[in-house]
Amino acid sequence: MTLGESVWYVGFHFAYGLVKYLPTLSGDVLRYAVLKPFLKGLRGWVSFRDNVTIWFPEGVSVDAGSMIGENCFLDGFGGLTIGRDVLIAHNASLISEDHGFASRRVPIRRQAKTTAPIVIEDDVWIGCGARILKGVTVGRGAIVGAGSVVTTDVAPYSIVGGVPARVIEMRPDDTTVETEPGHRGAAGSD
Ligand SMILES: CC(C)(COP(=O)(O)OP(=O)(O)OC[C@H]1O[C@@H](n2cnc3c(N)ncnc32)[C@H](O)[C@@H]1OP(=O)(O)O)[C@@H](O)C(=O)NCCC(=O)NCCS
């Protein structure tokens with residue numbers, strides 16, 4: 001790590017540390033202001049509740065309308081992309097890295113890390129205490145149950161739960177609204 005990078009990290013942790021524990025609502029506004037220049041991407045309003053820990057903010061992007069709940073842990077080392085209107089409930093962890101453990105002769109903490117990006121697509125709901133591990137994509141509109149450990153990709157609009165997470169069911173599909181031939185639906189665009 002270069003001297004410039006070290007100063008940047010110290011600056012981030014110092015500035016964010018000043019606002020990290022402030023109470024929700026007024027704290028959310030101040031956290032947003034501090035995080036905006038440090039995160040890889042922050043588009044539109046995103047609510048960061050109190051005591052969200054962020055490692056490697058330069059790898060984290062979050063899109064508009066999302067909410068990161070109390071005590072969550074976001075790790076951008078391997079890349080972390082959170083889409084639009086995503087809800088992440090309290091105490092969830094999204095970890096885009098693992099410690100290397102290929103050798104028994106070198107302490108794990110001294111082995112090279114393995115990384116892979118995490119992608120949370122739009123309109124996902126991650127339940128409290130869930131763990132999303134490196135390399136996982138959670139598809140649009142999916143739900144991750146409370147306390148789940150997600151090790152593989154989650155299909156769009158599925159509901160998963162457990163350790164490791166498995167599909168519980170699919171969300172109902174209400175997108176096809178039947179109309180009589182020639183009838184112009186209320187959602188017509190012209
Ligand atoms: C995933 C969830 C949305 C499913 O709700 P649901 O559709 O009402 O599901 P049900 O309670 O009918 O359970 C369906 C099955 O899934 C299982 N299940 C439900 N949630 C589970 C979870 N988190 N982990 C593992 N299995 C779970 C149930 O045991 C049940 O299994 P069975 O059919 O073998 O008995 C809900 O259980 C959950 O985890 N919600 C998150 C709550 C939360 O974190 N809120 C924070 C506020 S933002």
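Colleague: Leaving aside neighbours within four places in sequence, which residues is Ile132 in contact with?
Modeller: Keep in mind that this is a predicted model. Ile132 is in contact with Leu94, Ile118, Ile126, Val138 and Val150.

Colleague: And what about the largest nonpolar core, which residues touch the most other members?
Modeller: The core has 34 residues. Leu74, Ile126, Ile132, Val138, Val144 and Val150 touch the most other members. Strands β4, β7, β12 and β16 each supply at least two residues of this core.
In general, nonpolar side chains tend to be buried together in soluble globular proteins.

Colleague: OK, β16. Which strand do two bridges join it to?
Modeller: To β18, residues 158–161, and the two run parallel. Val144 stands opposite Val160 in β18.

Colleague: How does β18 run with β19, parallel or antiparallel?
Modeller: Antiparallel, with four bridges. Gly161 has Arg166 in β19 as its bridge partner. The hairpin of β18 and β19 has four residues between the strands, and Gly162 takes a positive phi near 100° there.

Colleague: Last one, helix α1. How many of its residues are buried?
Modeller: Zero of the 17, so α1 lies largely in the open. Helix α1 covers residues 3–19 and reaches 25 Å from its first C-alpha to its last, close to the 24 Å expected.

Technical notes:
Residues numbered from 1 in each chain as written. Predicted model: local features only at pLDDT ≥ 70, side-chain atom pairs only at ≥ 80, totals over all residues. Pairing = 2+ DSSP bridges. Expected span 1.5 Å × (residues − 1). Buried ≥ 20, exposed ≤ 12 C-beta atoms within 10 Å, placed from the backbone. Core = buried A, V, L, I, M, F, W, Y, C linked by C-beta atoms within 7 Å. Contact = placed C-beta atoms within 7 Å.
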